[in-house]
Amino acid sequence: QVQLVESGGGLVQAGGSLRLSCAASERAFSMYTMGWFRQAPGKEREFVAATSWSGGVSDYVDSVKGRFTISRDDTKTAVYLQMNSLKPEDTAVYYCAARKGPVLRTGYNYWGQGTQVTVSS
């Protein structure tokens, strides 16, 4: 059972930056593909980014490419989402998730509680 805890959300002005962190409890963390998802009010949860167990493969939704960067630190069993040039439409609750297997946009078995990101215009 993998437990995930997100942190780093908050209120930021458009054009600003935030770094989200996700701490994992599982000592086998390095075996998991890690992803970030978000859910805006009134919308379905959507995939944002994912990174493979090695960190060598990453995937991003088109709307964040060039602005967001996912990374992981297996020594700290943590994954990060650096968000730059934030836009009001990035406002959402952001969730960390984990799955075994390749980098995909679905099939995540473990989820954190979420952290709120609000971008003001």
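Student: Which residue in strand 3 stands opposite Glu6?
Tutor: This is a predicted model, in which local features need pLDDT of at least 70, side-chain atom pairs count only at pLDDT 80 or more, and totals for chains, interfaces and linings use all residues. Residues are numbered from 1 along each chain as its sequence is written, and side-chain values use heavy atoms, leaving out hydrogens and water. Strands are DSSP runs of E, at least two residues long and numbered from the N terminus, and two of them pair if DSSP finds at least two bridges between them. Strand 1 (residues 4-7) runs antiparallel to strand 3, with four bridges joining them, and opposite Glu6 stands Cys22.

Student: What is the centre-to-centre distance between Phe37 and Phe47?
Tutor: Rings of Phe, Tyr and Trp (its six-membered ring) pair if their centres lie within 6.5 Å, and planes over 60 degrees apart count as edge-to-face. By this rule there are five aromatic pairs. Phe37 and Phe47 form an edge-to-face pair, with 80° between the planes and a centre-to-centre distance of 5.6 Å.

Student: Is Ser52 buried or exposed?
Tutor: Ser52 lies in the loop between strand 5 (46-51) and strand 6 (58-60). Because its relative accessibility is 7%, Ser52 counts as buried.

How values were computed. Buried means under 20% relative accessible area, exposed over 50%, partly exposed in between (1.4 Å probe, protein chains only). Rings of Phe, Tyr and Trp (its six-membered ring) pair if their centres lie within 6.5 Å; planes under 30 degrees apart count as stacked, over 60 as edge-to-face and the rest as tilted.
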